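Subject: Structure handover

Hi,

Here is the structure I promised to pass on. Please open it alongside this email.

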Amino acid sequence: MKSGTVHQVDCPTCQAVVVWTDSNKYRPFCSERCKLVDLGDWATDKRIIAGEPIYPDVGEDSESAL
Ligand SMILES: [Zn+2]
């Protein structure tokens with residue numbers, strides 16, 4: 001019985017088996033939750049990579065105070 005190949009992927013977040021279908025709008029994730037978790041991780045990584053932490057200019061202030 002051949003009814004076409006079912007494309008299955010692993011959810012990047014929780015590694016659950018996800019059937020890749022048009023009805024699954026969260027693919028390759030298994031759920032909206034996993035999608036949001038992954039996007040959140042990416043956003044965090046991007047922020048760290050894109051811009052280094054900005055340290056307050058306390059040094060400059062204390063220098064002029066000295
Ligand atoms: Zn998942």
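Below is what I found, starting with the overall fold and ending with single residues.

This is a predicted model. Confidence comes first. Mean pLDDT for the protein chain is 78, and 56% of its residues reach 70 or more. By element, β2 has the highest confidence, with a mean of 95. Helix α2, residues 58-65, has the lowest, with a mean of 62. Where pLDDT is low, the predicted coordinates should not be read in detail.

Now the layout. The protein chain has two helices and two strands. Read from the N terminus, the order is β-β-α-α. β1 covers 8-10 and β2 covers 17-19. Helix α1 spans 32-50. Of the 66 residues in the protein chain, 5% count as buried. Take the contacts between residues at least 6 apart in sequence: 8% of them join residues at least 24 apart.

Setting aside neighbours within four places in sequence, P12 contacts P28, F29 and D38. P12 and V37 are 25 residues apart along the chain, with 9.9 Å between their C-alpha atoms.

C14 is partly exposed, since 14 other C-beta atoms fall within 10 Å. Which residues does C14 contact, leaving aside its neighbours within four places in sequence? They are C30 and C34. For C14 and C30, the C-alpha to C-alpha distance is 8.2 Å, at a sequence separation of 16 residues.

Q15 also belongs to the loop between β1 and β2. Its phi is positive, about 65°, although Q15 is not a glycine. Most residues other than glycine have a negative phi. Q15 is exposed, because 10 other C-beta atoms lie within 10 Å and the limit for exposed is 12 or fewer.

Next, the loop between β2 and α1. P28 is found there. The peptide bond joining R27 and P28 is cis, with omega about 5°. Most peptide bonds are trans. P28 is also one of the contacts of P12 noted above.

Last, helix α1. L36 lies in this helix. L36 is partly exposed, as 13 other C-beta atoms are within 10 Å. L36 and Y26 are 10 residues apart in sequence, and their C-alpha atoms are 9.6 Å apart in space.

Two backbone details to check on your side: the positive phi at Q15 and the cis bond between R27 and P28. When you view helix α2, keep its mean pLDDT of 62 in mind.

Best wishes

Definitions and conventions:
Residues numbered from 1 in each chain as written. Predicted model: local features only at pLDDT ≥ 70, side-chain atom pairs only at ≥ 80, totals over all residues. Helix = DSSP H or I, 4+ residues; strand = E, 2+ residues; numbered from the N terminus. Buried ≥ 20, exposed ≤ 12 C-beta atoms within 10 Å, placed from the backbone. Contact = placed C-beta atoms within 7 Å. pLDDT = per-residue confidence, 0-100.
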